[in-house]
Protein chains: 2
Amino acid sequence: MSEAANQTAPKLVDVARLAECSISTVSRVLNDNPTVGKSERERVLKAIAQLGYVPNGSARALRSSRTRLVGAIIPTLDHAIYAVMVNGLESRLSEEGVSLIINTSDYDADKELKQARLLIERGVEAIVLVGACHNPKLMPLLDRAGVGHVFTYTTRAHEGGAAIGFDNVKGGVAGARFLHDLGHVAFAMIAGVTKDNDRARERIDGFLGELDRLGHDTATVAVAEARYDLESGRHAMSQLMRRPRRPTAVFCGSDILAAGALKYCRAEGIDVPGDVSVMGFDNLEIAELTTPELTTLEVPARSMGTYAAEYALADSRRRTQDVHRELALRLIVRGSTGPCHDGPGE
Amino acid sequence: MSEAANQTAPKLVDVARLAECSISTVSRVLNDNPTVGKSERERVLKAIAQLGYVPNGSARALRSSRTRLVGAIIPTLDHAIYAVMVNGLESRLSEEGVSLIINTSDYDADKELKQARLLIERGVEAIVLVGACHNPKLMPLLDRAGVGHVFTYTTRAHEGGAAIGFDNVKGGVAGARFLHDLGHVAFAMIAGVTKDNDRARERIDGFLGELDRLGHDTATVAVAEARYDLESGRHAMSQLMRRPRRPTAVFCGSDILAAGALKYCRAEGIDVPGDVSVMGFDNLEIAELTTPELTTLEVPARSMGTYAAEYALADSRRRTQDVHRELALRLIVRGSTGPCHDGPGE
DNA sequence: TTGTAGGCGTTATCAC
DNA sequence: GTGATAACGCCTACAA
């Protein structure tokens with residue numbers, strides 16, 4: 001009697017047939033339109049369950065021009081600082097039935113641009129980006145497409161966009177001040193690679209700028225750039241500690257780099273913080289794993305994700321008013337830093 | 001003369017008008033159909049660039065029933081072992097212009113089911129899952145929808161699906177054997193929470209099973225379950241070390257747990273590996289950060305991601321032949337384990 | 001409250 | 001090699 005279950009997935013019209021109503025009624029039920037009679041609604045719901053009907057997102061999106069899709073382009077998921085942000089972002093979006101498309105750019109501004117193009121094709125309703133420095137073609141592209149965008153890990157927003165994050169310059173300043181206050185006079189920094197990475201750059205600027213303001217000669221402050229991994233941090237530290245004017249305080253652009261620096265010190269028998277203070281940035285879980293534990297600046301990674309989600313969920317009207325949300329960095333003092341013990345002599 | 005640029009995004013027909021051809025030709029160019037004349041193609045390409053035309057993914061998907069979307073549901077991105085896998089997955093998919101929708105289930109099988117439903121609505125062409133143990137409704141749902149699926153971090157596949165990973169039981173076995181060979185006789189284990197987590201369960205089974213086979217009385221082997229974070233690992237270790245029969249070898253279901261255990265030992269002045277050997281699982285970056293560094297089993301997280309991507313990219317025909325890819329776990333011996341020093345008496 | 005019908009932007013099957 | 005044209009599955013005026 002019943003048509004043998006077709007191989008093709010059930011559609012609105014199949015549900016309508018089974019529920020003995022029109023497809024508009026089914027559609028209304030699907031969209032929680034209140035103008036549907038109670039018995040009607042129940043019949044439809046039953047039919048949907050019976051058929052295992054699943055709406056076709058593409059058709060819905062095409063017709064309604066609402067995809068309920070959000071995109072994010074981050075440098076990498078291998079670094080916890082980004083993975084944690086994405087986790088917060090996804091969690092919040094998921095609560096609202098919005099799906100997240102994730103892309104990793106590997107710190108490459110061209111790759112990022114390509115991925116943004118693809119996200120626009122997919123019809124994402126907003127894009128979450130990291131940092132404020134991007135391919136010059138990116139912003140015009142997003143503007144033309146009318147796709148809202150949020151920068152994270154920065155407070156500098158592009159006009160028409162939003163920024164949710166912290167001030168990287170202030171981070172550098174905080175590092176400089178903290179180490180200065182401990183009495184140090186010989187500084188160095190292990191920074192992230194600054195190419196296509198404004199955050200790394202700003203942390204350096206903040207650090208050196210504040211040292212200058214505090215009366216130190218920044219010409220003598222060595223800054224090594226290193227990729228965000230343990231070995232690069234270790235290697236950078238080995239370079240810095242071999243310089244003629246050996247630093248007694250090293251500020252690192254990331255906990256990973258600081259951890260690498262600590263590894264070097266341990267291997268070489270350099271006492272931390274006795275011989276040299278080492279400070280990190282991020283306050284990842286690893287900051288509590290090293291010996292000694294890391295003094296660091298806490299970055300509100302998860303919060304950035306959830307706030308970015310709120311922005312993405314807001315409709316375009318509310319978005320037009322510029323959103324600048326600056327979250328605080330928090331200084332976490334642990335054992336890797338201490339007062340300067342250097343005698344006056346060599 | 002020219003119509004003022006409309007607020008609405010350019011469509012196929014706009015490109016066709018500018019290139020003075022039909023929309024079919026434009027569509028052909030977009031899809032790399034070779035049956036297009038050279039001059040024709042060039043005119044179209046120029047028009048596309050000039051208008052900043054971006055194809056509408058929803059319309060394409062609706063018409064062609066190819067979304068070029070893949071979904072992944074993982075427990076969390078806060079744990080590097082999953083973030084790294086996802087990074088590999090995304091990288092490979094991205095090379096082929098396929099987008100990844102990511103969902104985190106928070107180790108909750110019901111949440112996972114809901115997210116799978118949504119992924120099906122979005123029309124994903126394959127779903128990547130973690131582990132082999134899921135809500136009983138999940139597999140029928142995927143089968144009905146005809147969505148291919150891969151399990152990762154396991155070798156146990158569901159019929160019709162694929163599995164790309166390693167054998168968790170073997171991991172437990174390897175841990176038991178390694179510690180046994182060091183001469184230990186008093187064992188304990190800190191495992192992950194086993195609810196909705198078959199991997200954690202299997203690691204326990206492998207560990208205890210092998211100890212039994214090696215002639216140890218497993219009734220005396222304490223197994224503590226802990227969430228995958230430092231503090232839980234620390235706390236579990238504190239429990240284990242207070243038991244009457246103090247273990248000299250503790251196998252942990254994750255490096256994070258092992259790191260927590262190490263923290264406890266350091267705080268209590270318990271020497272590792274002198275008083276107790278501690279072994280991890282995963283070989284995350286943190287395994288090289290602790291003091292001593294962790295002996296652990298290397299999990300091929302990134303490879304699982306790229307292999308899973310290959311599966312997802314394969315068309316459904318090739319998928320039908322069951323895919324079972326078992327990747328090897330590799331024992332990494334570092335400083336956190338050593339021979340048993342326990343005297344014979346209490 | 002419910003049903004009818006047109007069209008969202010593509011792709012693909014036809015003719016030419 | 002190129003151009004009409006009919007779907008794809010759904011939403012939403014508008015009509016009843």
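A rotation of 180 degrees with 0.0 Å of shift along its axis places chain A on chain B with an RMSD of 0.0 Å, the superposition being by least squares on the C-alpha atoms of residues with pLDDT of at least 70 in both. The two copies are thus related as by a two-fold rotation axis. This is a predicted model, in which local features need pLDDT of at least 70, side-chain atom pairs count only at pLDDT 80 or more, and totals for chains, interfaces and linings use all residues. Residues are numbered from 1 along each chain as its sequence is written, while chains are lettered from A and ligands numbered from 1 in the order in which they are written.

**Interface between chains A and B**

- The contact draws on 44 residues of chain A and 43 residues of chain B; two residues are in contact if their C-beta atoms, placed from the backbone, lie within 7 Å.
- On the chain A side, H4, helix H5 (80–95), strand S2 (99–104), helix H6 (109–122) and helix H7 (138–145) each supply at least two residues. Helices (H or I, at least four residues) and strands (E, at least two) are DSSP runs, numbered from the N terminus.
- H5(A) gives the most to this side of chain A, with eight residues.
- By class, the side of chain A that touches chain B has 20 nonpolar, 17 polar and seven charged residues. Here Ala, Val, Leu, Ile, Met, Phe, Trp, Tyr, Cys and Pro count as nonpolar, Asp, Glu, Lys and Arg as charged, and the others, Gly among them, as polar.
- Of the interface residues of chain A, 98% are also interface residues in chain B, so the copies meet through the same surface.
- S2(A) and strand S2 (residues 99–104) of chain B run antiparallel and are joined by two bridges; strands pair if DSSP finds at least two bridges between them.
- Within this pairing, Ile101(A) stands opposite Ile101(B) in S2(B).

**Surfaces near the DNA strands**

- There are 25 residues around DNA strand C, and the closest are Gly37(A), Leu12(B), Asn56(B), Ala59(B) and Arg63(B). A residue is near a molecule or strand if its C-beta atom, placed from the backbone, lies within 6 Å of it.
- H2 and H4 of chain A and H2 and H4 of chain B each supply at least two residues of the surface near DNA strand C. The largest share, five residues, comes from H4(B).
- The surface near DNA strand C divides into ten nonpolar, ten polar and five charged residues.
- Around DNA strand D there are 26 residues, of which Lys11(A), Leu12(A), Ser22(B), Gly37(B) and Arg63(B) come nearest.
- For DNA strand D, at least two residues of the surface come from each of helix H2 (23–30) and helix H4 (57–64) of chain A, and helix H2 (23–30) and helix H4 (57–64) of chain B.
- The surface near DNA strand D comprises ten nonpolar, ten polar and six charged residues.

**Domains of chain A**

- An automatic or database domain assignment gives chain A domain 1 (1–53), domain 2 (69–166 + 299–314) and domain 3 (168–298).
- The centres of domain 1 and domain 2 of chain A, taken over C-alpha atoms, are separated by 37 Å.

**Strand S3 of chain B**

- Five of the five residues of strand S3 (residues 126–130) of chain B are buried, that is, 20 or more other C-beta atoms lie within 10 Å of their own, whereas a residue is exposed at 12 or fewer and partly exposed in between, with C-beta atoms placed from the backbone.
- In a regular strand the side chains alternate between the two faces of the sheet.
- Both faces of S3(B) are covered, with Ala126(B), Val128(B) and Val130(B) buried on one side and Ile127(B) and Leu129(B) buried on the other.
- Strand S1 (residues 69–74) of chain B runs parallel to S3(B), joined by three bridges, and Ile73(B) has Leu129(B) as its bridge partner.
- S3(B) also pairs in the parallel sense with strand S4 (residues 148–152) of chain B over five bridges, where the partner of Leu129(B) is Phe151(B).

**Backbone geometry**

- A cis peptide bond with omega of about 10 degrees joins Val272(A) and Pro273(A); Pro273(A) is in the loop between helix H11 (255–268) and strand S9 (277–279) of chain A.
- In chain B, the peptide bond from Val272(B) to Pro273(B) is cis, with omega near 10 degrees.
- Glu20(A) is not a glycine, yet has a positive phi of about 55 degrees. Glu20(A) lies in the loop between helix H1 (12–19) and H2 of chain A and is exposed, with 11 other C-beta atoms within 10 Å.
- Glu20(B) likewise has a positive phi of about 55 degrees.
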